[in-house]
Amino acid sequence: MNNKTMIKLALLGVMTLILAAFTHCGAEKPKDLGRGPTSNNSTSGGGSVEEVINATQVTTGVKNHEQLLYTMSALTGVPSTNAAVLATYNQVASSLPTSTDVKALLAPNQVAIVKLAAEFCNQLVSSQPMRDAIWNSQNYGTMLNLSTVTVSSLKTTNNMNYLIEGVAKAFWSDMVPLSELQMSEDDLKVLISDLSVGVTDNNAEALKIVKGVCTSALSSGYVTLY
């Protein structure tokens, strides 16, 4: 499994999580625009589709490029001045959101967010002190030893729960409702299964899966939206 494959699968997981987060944040009912000129794009309530979207009162915003950089740094413990992080940030900066208007968020913005999150997670998972801060004994009573874990052992129920609950607690805190949290954690379990297909059962591949789970959680709507 190469890094491009990991990012593609992580992006699929992210899209599910960002939709869940957006649904949780919600949007108010669109204003009554009255009856406008008839067109192929008009809605039954009057006004074009574009007018209805623009008039929708959204209670959700999206973090801009600087807010994303500093938020991901604070959540992972990886300095925003890290050379590899800065290189990736500079590479994708022009594609990161410049506006906090969630209705202006486009697919290229989300791809850039995932790439930035992937580099933060690469630095996090590659550093034992940093990853010990996420998957630590204080929260779970035991340690998930990522230095020796293999793909097959990572997929055991206890280790899978340990891995997912670690990023959920570190990145999402307590802001996700319990019922929604369970669905999001189930989505990450599916991602682990997808990332495990056709890979060698060793530690290097297991760490790539950990990075994929980390990337999906860090670039999800629970982090990028507010």
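Let's begin with how the chain meets itself. Of the contacts between residues at least 6 apart in sequence, 73% link residues at least 24 apart. Keep in mind that this is a predicted model.

As for secondary structure, you'll find 12 helices and 0 strands. Walk along the sequence and the pattern reads α-α-α-α-α-α-α-α-α-α-α-α.

Here are some whole-protein values:

| Property | Value |
|---|---|
| Buried residues | 42% of the 226 residues |
| Accessible surface | about 11,300 Å² |
| Part of that surface belonging to carbon and sulfur atoms | 53% |

Now zoom in on one helix. α9 covers residues 157-172, which is 16 residues. From its first C-alpha to its last it reaches 21 Å, close to the 22 Å expected at 1.5 Å a residue. Which residues in α9 are buried? They are M160, Y162, L163, I164, G166, V167, A168, F171 and W172. After α9 comes S173, and its phi is positive, near 55°.

Next, have a look at a loop residue. N64 sits in the loop between α2 (49-55) and α3 (65-76). The N64 side chain reaches the backbone nitrogen of E66 at 3.2 Å. And what does N64 touch once its neighbours within four places in sequence are left aside? N64 is in contact with P97, T98 and T100.

Definitions and conventions
Residues numbered from 1 in each chain as written. Predicted model: local features only at pLDDT ≥ 70, side-chain atom pairs only at ≥ 80, totals over all residues. Heavy atoms only, no water. Helix = DSSP H or I, 4+ residues; strand = E, 2+ residues; numbered from the N terminus. Polar contact = N/O pair within 3.5 Å; in protein donor to acceptor, adjacent residues only side chain to side chain. Contact = heavy atoms within 4.5 Å. Buried < 20%, exposed > 50% of the residue type's maximum accessible area, 1.4 Å probe, protein only. Areas by Shrake-Rupley, 256 points an atom, 1.4 Å probe, with all protein chains shown as cover. Expected span 1.5 Å × (residues − 1).
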